[in-house]
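Hi,

Here is the structure I said I'd pass on.

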Amino acid sequence: MRAPTIQKRTEQRGGVGESVQRPDGVPKTKGEFAYSSDLWAENMLWGATTRSPHPRARIVSIDTREALATPRVRTVLTHEDVPGRKSYGMEVPDQPVLAWDDVRYQGEAVALVAADHPEAARRAAGRVKIEYEVLEPLVDPETALADGAPALHPSGNVIRHIRIRHGDQEASAEVVVKGDYQVGMQDQAFLGPESGLAIPDGEGGIDLYVSTQWLHIDLDQLAASLDLPPSKVRITLAGVGGAFGAREDLSIQIHCCLLALETGRPVKMMYGREESFFGHVHRHPARLHYEHGAMRDGRLVYVKARIVLDGGAYASSSTAVCANAACFSCGPYNVPNATIDAYAVYTDNPPCGAMRGFGAVQTCFAYESQMDRLAKALDIDPVELRRLNAMDTGATMITGQEVEGPAPVAELLKRVRNAPLPPDGDAMDIRTLPGGVSNTTHGEGVKRGVGYALGFKNIGYSEGFDDFSTARVRLSVVAGEPQVEVHSAASEVGQGVVTVQMQIARTELGVQQVVVLPADTSIGSSGSSSASRQTWMTGGAVKNACEAVRARLLQRAAQRLGKRHGKLTLDGANIVSAGSGSVASISDIVGDDPIEETKEYHHRKTFPLDPRTGQGNAHVAFAFAAHRAVVDVDLDLGLVRVVEMATAQDVGKALNPQAVEGQIEGGIAQGLGLALMEEIQISQGRILNPSFTDYLIPTILDMPPVRADVLELGDPHAPYGLKGVGEPPTISSTPAIVAALRDATGRPLTRVPVRPDDIVGLDGQSG
Amino acid sequence: MAGPANEVDGLGRCQGGKGLEFLQPTSLTEALELKAAHPGAVPLAGGTDLMVDLNFDRLRPEAMLDLTRIDELKQWWPHDDLIRLGAGVSYTRLVSEIGEYLPGLAIASRTIGSPQIRNRATVGGNLGTSSPAGDALPPLLAAGAEIEVASAGSSRRMPFRDFMIGPKKNALAPEELIVAVHIPKARGPQQFSKIGTRNAMVISVASFALAIDAGTRAISCAIGSAGPVILEAPEADEFIESSLEESGAWDARSRIDNSVLQRFGELVAQGARPITDVRGTKAYRQHALAVIAARTLTWAWDDYMASA
């Protein structure tokens, strides 16, 4: 054996806890990042989709002849051409790959075209002749729930009903407040519309490159509908332009593969922005009726709620969204008695499913509005009322589950309460006033308001689902230097999971050079980039795999070096012993025999909710945040400028503080959008504003500075103590802004997004 | 069965057809000749409306006439008490170069889109689209602008109110192009305000422009996004002119009573003909117009009072 080449101990850079710059940041900023819409293959065709113009209709006939006769068209497919399972869905496979008997929402896919040119494909898609018997759409979820409503699916109209009966159902209170609230349909409004490229392998199999949140659940659904063994379907993650839940359900995946397998050529599909509004699910609109009972001193006695979520035409993830809405319906408060009924209902509206906050957003708007209403009824300061009822470690959820781990609700609230208030607006700079550059006020009619809200949510998948992630780590020597290769199927959707995998490998193995391979299905599942879970779960898997690699490395070192050094450990890239100091470098021990380990990480077991009482230890962990909104409102025009958002959030451990900050600011922007402007407007099942011309999302002049106070209290069950970060910023920012608007205007504002009419009082609402 | 008769390429093109022609004249004369030869050609200036229509497949023109290489359209100059504004001057340039002469139009220009859009978009484009939501249009009407249009061999000028005749409809003949706008230099304070539900990059829900002519003691209003065309509000104009006359406020440079401001706002709101659509309700548009009419009058009058 050669003499050990001891490396000088260098400070480890780019490990856990550092604000490591993400590799895709600069390319995205410069417009050089390759998104899935930039994919290209030699000889490829373009796919296009024929969609139903009707929210509800029966298909009488489909005639593809004219479309097929269009020059450059290679194939036209209908439901008859789906070789395997004719429908798909993550939890309930109720959505047709291509509709055959009924269409249940405007924009439902009925036929597919592949052509040499995208324009020819679009034209031919318009020439598929579909004869419809148009039916009256069922668009009101309460009507769909009522006895005697026509069944939209064989299973009826209720996708799920969660019933929670906690504590004393007859409990009475000294003060009771009731309220009805509504949440509009929000879109995820990601940057990159649905797109991908399918390439047939010539042997009956297929390779798909696509933007998605969970490669393996796509794989399962693809294999079933294509009638192929899973080994014949390979999926690689292409450049993703944001997700926010909108990429959980399939979009182009099966369609693109069907066209490619039929034509034997690569096929690319890419939705435009308008088609994208019909090509993915949205946030569930909700109607919520609440009753809060409290003692005169402010202590909550009971909460009763009836929550109706409009699931639209197909189930998507409505079952899980409904469970979340119910479980988190009372907020992060000690609520001894609860009577909750949450329903997700089929209608002929656009399908709704996952979006950042996932059921916890809708209920947070309602329960926080109720807390303010209760504070007013009790004449108690709204912050004090929240503090009085705040959950802490050891508290019992309304599902009977004990809250383990840090639950610093009162502390978070105190921190946003104590944060200094921003200065008054500058009347000389209209950009700081409501209406902004539109020049609607020079200070006239402007009043300031301050509002608070708390929110919480589960991290990871719940209700007994065995959630796991898989990672493979390989330690080798390249050009004399140790290098780590990390491979997982975790989807980088912009949240930074690639960077986090690198950081963990550096910290665990002391190696500077880390390569994260493209995510694909040649390795086991990593689960979804959803539920604020990916850093915890895939981070955990990478950590496990690194630990296994390290153990083998030290074992090999012990074998090579004999027992004379005693116990060996890894210090940076050096192997050290207590007695002898550095005894070898990683490169010495690895040599040309790489060490590779594949490991899974499973979170601790969860359990189903009891169907009668909704009781059960259904969740892995909870994340909490507090928000304070300061707004300036033009009382005469109903226009708003959010002046500042202050937030405090326990993230357990900030693996990458810069990324945490990004999640907090981005999440607040999305919560602000829901509070003030973002709504897909629907009339009789039809979307009225499927474009960024009329679906407004906040601009830089709408988004205020964020004062973020990040706590790192450490969850004992999580790798490094981390908690998910992505969703809490969205959940309670919306109600905080609306509370601030109420503070300024004195109006009830029971619906989001709040419209100028509501603030001005044109819709019959009164203060 | 086949597609449309004689289609050969799946792109809607027929035997011998050339598909979309992209015409790029470098002089106005050449542009007008091309427009005469291709009356269906859609003029392209900043493209901020046209390219969106193409992307959404709302428009499939046989030809596009790119006007961005014609220097004559990018010029402006003062003549007599007017500014002759070439149809191709961008909003960014309008604000920085001509703002002092055309303050109302400059304020409106600042509310348009984003910096990127203002770098490309032009008054000519706003006129060509003739949307009731065109932000540059109310200040043109309030200021009494005239539109110069030309065809090969002839040109004519018409007041704005004769130019815009309906939502996305104007008096332009198929062989004509918009060449310039002749706008009187401001003879007093001007204002513009626009309602949108976000604080930048927003299509107006309602807008209002006002121009004071301190010489003739006239006040002109124009209302955007609240009717099929940009609307005048003659009753509001007459009311405020006579109120100011009667109270002697022109000479005294004294404040306008709140009751007068309120009545002025009501008359503006009554002059509007709004509808309810995805961007706003009829009731809100009317309400908001009354508010911004009173506010813009106050701001403009403050400037008048402050002027020597």
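**Pockets, cavities and strands**

The lining of the second largest pocket splits into 20 nonpolar, 13 polar and 9 charged residues. (Ala, Val, Leu, Ile, Met, Phe, Trp, Tyr, Cys and Pro count as nonpolar, Asp, Glu, Lys and Arg as charged, and the others, Gly among them, as polar.) Before I go on, this is a predicted model, where local features need pLDDT of at least 70, side-chain atom pairs count only at pLDDT 80 or more, and totals for chains, interfaces and linings use all residues. Residues are numbered from 1 along each chain as its sequence is written, chains are lettered from A and ligands numbered from 1 in the order in which they are written, and side-chain values use heavy atoms, with hydrogens and water left out.

Back to that pocket: its volume is about 900 Å³. It is lined by 42 residues, and A:E679, A:I680, A:Q681, A:R751 and A:R755 are the closest to its centre. In chain A, β10 (175–183), β16 (286–294), β17 (300–312), β30 (682–683) and α18 each supply at least two residues of this lining. On terms, a pocket is an open set of points on a 1 Å grid over the protein atoms alone, with protein on both sides within 12 Å along at least five of seven lines; a cavity is a set of points where a 1.4 Å probe fits but cannot get out; lining residues have an atom within 4 Å of a point. Points are joined across faces, edges and corners, and a volume is the space filled by probe spheres set on them. Helices (H or I, at least four residues) and strands (E, at least two) are DSSP runs, numbered from the N terminus.

The largest has a volume of about 260 Å³, and of its 23 lining residues A:Y88, A:Q95, A:Y105, A:L250 and A:G279 are the closest to the centre. By class, this lining has 13 nonpolar, 7 polar and 3 charged residues. α7(A) provides the largest share of it, 3 residues.

The second largest cavity comes to about 150 Å³. Among its 16 lining residues, A:G638, A:L639, A:V640, A:L676 and B:T197 lie nearest the centre. β29 (639–650) and α18 (756–760) of chain A are the elements that give two or more residues to this lining, with β29(A) giving the most, 4 residues.

A:L676 turns up again in the largest nonpolar core, which has 109 residues; A:L676 is among those with the most contacts inside it, along with A:Y290, A:I307, A:I340, A:F624, A:I737 and A:L741. (A nonpolar core is a set of buried Ala, Val, Leu, Ile, Met, Phe, Trp, Tyr and Cys residues joined through side-chain atoms within 4.5 Å; buried means under 20% relative accessible area, exposed over 50%, partly exposed in between, with a 1.4 Å probe and protein chains only.) Helix α9 (residues 360–378) of chain A gives the largest share of this core, 10 residues. Another core lies apart from it, with 76 residues, including B:L141, B:I240, B:V291 and B:A294.

A:I340 sits in strand β18 (residues 337–346) of chain A, where 10 of the 10 residues are buried, so the strand is largely enclosed by the rest of the structure. β18(A) pairs with β17(A) in the parallel sense over 10 bridges, and A:I340 is the bridge partner of A:A305. Strand β9 (residues 158–166) of chain A pairs with β18(A) in the antiparallel sense over 8 bridges, with A:R160 opposite A:A344. (Two strands pair if DSSP finds at least two bridges between them.)

Strand β25 (residues 574–577) of chain A is also covered on both faces: A:N574 and A:V576 on one side, A:I575 and A:S577 on the other, are all buried. Another hairpin, through 3 residues, joins β25(A) to β26(A).

Over in chain B, 5 strands form an open antiparallel sheet in the order β4-β5-β10-β6-β7. β4 (76–79) and β7 (154–159) stand at the edges with a single partner strand each, so one side of each is left without a neighbour in the sheet.

Cheers
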